[in-house]
There are 2 protein chains.
Amino acid sequence: MSKLISYYEEHGDRFIEGLKELLRIPSISALPAYQADVRRAADFLVDDLRRMGLDSVELIEGDGHPIIYAEKMDSPGKPTVVLYGHYDVQPPDPIDEWKSPPFEPTVRGDDLFARGAVDDKGQMWILLKAVEGLLAVDGKLPVNVKVLIEGEEETDGGMIAKYLAEHGSELEADAALICDTEMFAPGLPTITTGVRGIIYCEIDVTAAKTDLHSGNYGGVAPNPMQAMAEIITGLKGKDGRILIPGFYDDVQAPTDAELAAWKKLPFDADEYRKAEIGCTELTGESDFGPLERIWARPALDVHGIRGGFTGDGAKTVIPAKALAKVSMRLVPAMDADKIAKAFCDHVRALTPKGTVVEPRVLAASPSAVVSTDSPFVVKAAEALKETFSKDTVYIRCGGSIPVVGLFGDAGISPVLIGFGLPDDNLHAPNEKFHIPNFHKGVEAIGRYLRMLGE
Amino acid sequence: MSKLISYYEEHGDRFIEGLKELLRIPSISALPAYQADVRRAADFLVDDLRRMGLDSVELIEGDGHPIIYAEKMDSPGKPTVVLYGHYDVQPPDPIDEWKSPPFEPTVRGDDLFARGAVDDKGQMWILLKAVEGLLAVDGKLPVNVKVLIEGEEETDGGMIAKYLAEHGSELEADAALICDTEMFAPGLPTITTGVRGIIYCEIDVTAAKTDLHSGNYGGVAPNPMQAMAEIITGLKGKDGRILIPGFYDDVQAPTDAELAAWKKLPFDADEYRKAEIGCTELTGESDFGPLERIWARPALDVHGIRGGFTGDGAKTVIPAKALAKVSMRLVPAMDADKIAKAFCDHVRALTPKGTVVEPRVLAASPSAVVSTDSPFVVKAAEALKETFSKDTVYIRCGGSIPVVGLFGDAGISPVLIGFGLPDDNLHAPNEKFHIPNFHKGVEAIGRYLRMLGE
């Protein structure tokens, strides 16, 4: 390993410079205006994979943003590992809260700040640079590798879903290494064994045929903003319980072993509230601990309400319509389709007086769990332990990585190793990646792939 | 009168062309970006008043947008009448719902479409053009006239409030003719005898120190959008009752005579709902009729909620903060300061778990009522009846015209004559002015000023 580690150390700064180049490309998959930039990020990676010496480098095209494919299949008899990541990023707004521009990667202290720094350009880059080192030092890879990097993870992931459904089994891969999660705490090697599912919805509320003056009509005209507030409070109570009938029916509790392991994690709820979230009080179901609420309980959140007047000043309008963006996080064994239907039925049943309400499901994917008994997980835990000199912990992730389930469906064991930190401001202003974690990550992945080839 | 009416008929088209010029100037007082346009509209009117032959034409300057002053004091022994209007307009959004651009005045059928067409450029223009005709035909005015046209009616009206408080009694005026209201129905001459007051507020809700990923934090992090929904439903119930303690304590019912007169108005609640509002059901306090709810009952409306993600696509953010814009309409004898305090106290008391809530009052002004016994009102009713060949009706206005109370405080009798129509889309897309009403309005005001001079 020492030769490999030396290579990584020697080339570490160059790796970071390359990552910065990629971070300068605003590959925001959700916003049509950035389509050319998304493509530019894909082309950048194609060039880099070719330069690294991977074979069959190509863009898999379709209706959406292309998937990048590459392979190195020179190790007959060895396992085949898919390296998965995504090159698209979240929109950067609210833009005025960034201390440095989101697409001008900036190092402050040991951190690299940029949209996508950790989610997922930086972590995806770990996989590629680990492979680059192995190829440079050994001339070949210890296992067979197939690279799949998608460009729609932050939207609907439609391309990769279609690709894995149609061609997943043709990949004939044994494991999929997904580098898009985080460490439970700084320095604590972590494997994620479950992700929540997600249903993303919009709710349209329409009232009058046009915007109205609140002076002339206030007191008789239905107000879609008020109506939306009634719907939202009808979806979730003040106690954090979701009020959709049947919502909790299929929720499966984690195993006693999992719960016991979580209790042993270094976690201080008050510190978490203050330092990580920064609010006066945690919310949600008080009969479950915070980690259990995030990892093993479903959730519902409103992301924004469009409509009316939100500029500066005092416009007195009763808007004709409003739109809310709402998502739910699902846990085992909730059925995404069933919950989506229950949500829509309940929203319609809540229809406030004088309004027409129309819920709409934009995307739905179920939760997924990974067994800690999988040999690919066991070896990953060993590789991490060796790199970080600490026992690897198993956690779940409250977020949704639909591809985990998709790999599972294609008979490929997902392995989720992450090097993000809890304060990396994922999806928020001032997203960052802790640079030492990048370098440790490259070393850990290089070591893991070697161990898989032994 | 026939000579005057002929003049108005001959010059009617020119009046409309002049109005169009004024409507092309986007004098949006609420938006700082349009400051130069607001000034341009003021200059346009100054030029026109000078051209008409008024004296002492000047801009009254101060912290905000200037007030236009002009006078014609050549009728000793006759009453002095203030002609009041405003040259500023509401923002035009949502801009994509306009059939023709808001600042390109467009005639379709008998209607002139533009932001400000009726509120209030068109109606203010009626006063000026009536005066222009009297000066042209008679060489002098039948009464003494002082013109006061403000540029902040659609924001806080700060300039005119300060001016009238400080200089109102120096005006030594008997009546103030305010042309900024509407007719109860097409062809039905109407005098408005009361306006509601308004308190315009903002509510800040802050939770986490930064925007959060709803996957990683959904279930424990307080969500300001959810919190805002809880606050809003805590302000007004599903039955339309406002839940602020003490809110209704000082509400004064209209007189029996007023109520009886309102019952006689040509009003069909179902037709009103369908044709004018265009919603499935009217909302509000069901123990009061629709007209009573608008004219004589207080109201509360949410105008918009800022925060989170409202673009296209699926961003899964728990925003760090949200801001709501809320206003209340006040009726006699509610005290604006007392209600503002009760609102803020109640909002703070509603503070949802895990959030910090800060209400803020942007503007507050009380309601005002005008006695139908005032000789200036009686003559106005006669002038209108003669012009429209129909008995004049007395209504109230659900909107707020703070200047009504300010004139009253300065010992000047307010008279509210309006020529807008209920479907003129005030403060909404496709605002219009019914062109025949403009011409009838000019005639009615010319006649009224003559009658006041008799």
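**Helix burial, chain pairing and local backbone features of a predicted two-chain model**

Helix 13 of chain A is mostly covered, with 14 of its 19 residues buried. A residue is termed buried when 20 or more other C-beta atoms lie within 10 Å of its own, exposed when there are 12 or fewer, and partly exposed in between, the C-beta atoms being placed from the backbone. Helices (H or I, at least four residues) and strands (E, at least two) are DSSP runs numbered from the N terminus. The structure is a predicted model, in which local features need pLDDT of at least 70 and side-chain atom pairs count only at pLDDT 80 or more, while totals for chains, interfaces and linings use all residues. Residues are numbered from 1 along each chain as its sequence is written, and chains are lettered from A in the order in which they are written.

The length of helix 13 of chain A (residues 435-453) was also examined. The expected span of a helix is 1.5 Å times one less than its number of residues.

The relation between the two chains was then considered. A rotation of 180° with 0.1 Å of shift along its axis superposes chain A on chain B, with an RMSD of 0.1 Å. The two copies are thus related as by a two-fold rotation axis. The superposition is by least squares on the C-alpha atoms of residues with pLDDT of at least 70 in both copies. Among the residues of chain A, A229(A) comes closest to the rotation axis, its C-alpha atom lying at 2.1 Å.

The contact between the chains takes 81 residues from chain A and 80 residues from chain B, two residues being in contact if their C-beta atoms, placed from the backbone, lie within 7 Å. Elements of chain A that give two or more residues to this contact include helix 6 (224-235), helix 9 (290-296), strand 13 (321-330) and strand 14 (356-365). Strand 11 of chain A provides the largest share, seven residues. By class, the side of chain A that touches chain B has 34 nonpolar, 31 polar and 16 charged residues. Here Ala, Val, Leu, Ile, Met, Phe, Trp, Tyr, Cys and Pro count as nonpolar, Asp, Glu, Lys and Arg as charged, and the others, Gly among them, as polar. The copies meet through the same surface, because 99% of the interface residues of chain A are also interface residues in chain B.

Within chain A, the domain assignment gives domain 1 (2-195 + 367-453) and domain 2 (197-251 + 298-365), with bounds that come from an automatic or database domain assignment. The centres of domain 1 and domain 2 of chain A, taken over C-alpha atoms, are separated by 35 Å. Their contact takes seven residues from domain 1 of chain A and nine residues from domain 2 of chain A. On the domain 1 side of chain A, two nonpolar, four polar and one charged residues touch domain 2 of chain A.

The largest nonpolar core holds 287 residues, of which L177(A) and L177(B) touch the most other members. Such a core is a set of buried Ala, Val, Leu, Ile, Met, Phe, Trp, Tyr and Cys residues joined through C-beta atoms within 7 Å. Leaving aside neighbours within four places in sequence, L177(B) is in contact with V81(B), V82(B), L83(B), Y84(B), L127(B), V415(B) and I417(B).

In chain B, G197(B) lies in strand 9 (residues 197-206) and counts as buried, with 24 C-beta neighbours inside 10 Å. The C-alpha atoms of G197(B) and A173(B), 24 residues apart along the chain, are separated by 24 Å.

Several backbone features complete the description. A cis peptide bond with omega of about 5° joins D119(A) and D120(A), and D120(A) is placed in the loop between strand 5 (111-113) and helix 3 (121-138) of chain A. In chain B, a cis peptide bond joins D93(B) and P94(B), with omega of about 5°. S56(A), in strand 1 (residues 55-60) of chain A, has a positive phi of about 50° although it is not a glycine. S56(A) is exposed, with 12 other C-beta atoms within 10 Å. N430(A), a residue other than glycine, has a positive phi near 60°; N430(A) is buried, with 22 other C-beta atoms within 10 Å.
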